[in-house]
Amino acid sequence: MQHSKIAGIGMYVPKNVYTNTDLTNFMDTSDEWIQERTGIKERRYADRTGETTTTMGVEAAKIAIERAGITPQDIDFIVFATLSPDYYFPGCGVLVQRALQMKEVGALDIRNQCSGFIYALSVADQFIKTGMYKNILVIGSEKHSFGMDFTTRGRNVSVIFGDGAGAVVLQPTSKEGHGILSTHLHSDGGDAELLAMFNPGTHSNHWLDKKLADYDEAAIGETFMSHQMIDNGQNFAYMDGPAVFKKAVVKFPEVIGEALAANNLKPSDIDMLVPHQANLRIAQFVQQTLKLSDDKVYNNIQKYGNTTAASIPIALCEAWEAGKVKEGDLVCLAAFGSGFTWASALVRW
Ligand code: COA
């Protein structure tokens, strides 16, 4: 049966580097605290003007398209994953279609936060398997620096996230045992409010029952976004970090195990694990659980922070460019994040 392979990969990160020490100019934090809890040393922030989630995605896409040996006009479908779109609507997919002067192809936007790239990859994989499309552009891109509270109030979130983009081109292959072997997608909305940005949104007050006491009950409903909601910080991401951590260290190994079992493989068969770059401590825990040596796990959160939907394609691209992902290697991608949603993919490179 026809299935899909990654025919080209690219990444883009903004040039502006912000170290942990730079962040101490805005909030009460320290290099020591951030490195000890997350492993992050620095991250990139996009230019305030000119550089957007779409423009970064386009830069990554240009490289992926070129490496696939095609042109933008050959792309027949776009899947764009982000939680920080240029506009509330329309999504970034159509902006990519315009920027790259593509044909009037379909453009789908995916909102699955940290699992967004694997969800996007999975959707694209299904379209290739059915024979509907032949060159699908999959992008994960984030401009977090526009949506974070850079005061001490928001420090538990803002120190973690950074900006950047990654992209791949999927094409069909009939080579047996090669390309995307399987993808596995999950969700549990029971704790949806533990990692969320509430506005702009149409929610009522149900989430306030979860003792998010920082928020003013008067600033609920009636409009997507009010001055009061902004005063309450409801336009910034809320995260219960310890709860996310506890769930992540269970779901990462679980969904990787599911992918291996589905393909009759075992952890020692993995040549390279590229986990979503949520926290170096989470990645190290997963590595220990699977008993993988250091050279079989790729981490770059130290340089970029958590770039959400972009983190896996950026890490995969870097690993590939460094020669750490070679033809025939078994690559495992895994993610966990807001929703909660989690996912994995096994790829024979
Ligand atoms: N700098 C300094 N102190 C900070 C801080 C910062 N940037 N952020 C929070 N703190 C403080 C807290 O206020 C708290 O102080 P207190 O003890 O006086 O109340 C203390 O540090 C501990 O906070 P806590 O949230 O319990 O820390 P933690 O050890 O759980 O680490 C995270 C916080 C966010 C690093 C950690 O929970 C985590 O990584 N969780 C997973 C997050 C994640 O992966 N998110 C993305 C999902 S894909």
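Figure 1. An oxygen atom of the ligand lies 3.3 Å from an N or O atom in the side chain of Trp 33. Here a polar contact is a pair of N or O atoms within 3.5 Å; within protein, one must be able to donate a hydrogen and the other to accept it, and residues adjacent in sequence count only if both atoms are side-chain atoms. A nitrogen atom of the ligand is 3.0 Å from a polar backbone atom of Gly 241. A polar backbone atom of Pro 242 is 3.3 Å from an oxygen atom of the ligand. On its own the ligand has 960 Å² of accessible area, and the protein covers 71% of this. Accessible areas come from the Shrake-Rupley method with a 1.4 Å probe; for residues, only the protein chains shown count as cover. Because the model is predicted, local features need pLDDT of at least 70 and side-chain atom pairs count only at pLDDT 80 or more, while totals for chains, interfaces and linings use all residues. Residues are numbered from 1 along each chain as its sequence is written, and side-chain values use heavy atoms, with hydrogens and water left out.

**Figure 2. The shell of residues around the ligand.** There are 23 residues around the ligand, and Thr 29, Arg 37, Cys 114, Gly 241 and Asn 279 come nearest. A residue is near a molecule or strand if one of its heavy atoms lies within 4 Å of it. The shell divides into 12 nonpolar, 8 polar and 3 charged residues. In this count Ala, Val, Leu, Ile, Met, Phe, Trp, Tyr, Cys and Pro are nonpolar, Asp, Glu, Lys and Arg are charged, and the others, Gly among them, are polar. At least two shell residues each come from helix H2 (31-38), helix H6 (155-158), helix H8 (241-262) and strand S12 (330-337). H8 gives the most, with 4 residues. Helices (H or I, at least four residues) and strands (E, at least two) are DSSP runs, numbered from the N terminus.

**Figure 3. Asp 125 in helix H5.** Helix H5 covers residues 116-129 and holds Asp 125. Asp 125 counts as buried because its relative accessibility is 0%; buried means under 20% relative accessible area, exposed over 50%, and partly exposed in between (1.4 Å probe, protein chains only). The side chains of Asp 125 and Ser 4 are joined by a polar contact of 2.5 Å. Not counting residues up to four places away in sequence, Asp 125 touches Ser 4, Leu 170 and Ile 180, where contact means heavy atoms within 4.5 Å.

Figure 4. Pro 90 lies in the loop between strand S4 (77-81) and helix H4 (92-99).

**Figure 5. Two non-glycine residues with positive phi.** Asn 264 has a phi of about 55° and lies in the loop between H8 and strand S11 (272-275). Asn 264 is exposed, with a relative accessible area of 74%. Lys 291 has a phi of about 55° and sits in the loop between helix H9 (280-290) and helix H10 (301-304). Lys 291 is exposed, with a relative accessible area of 73%.
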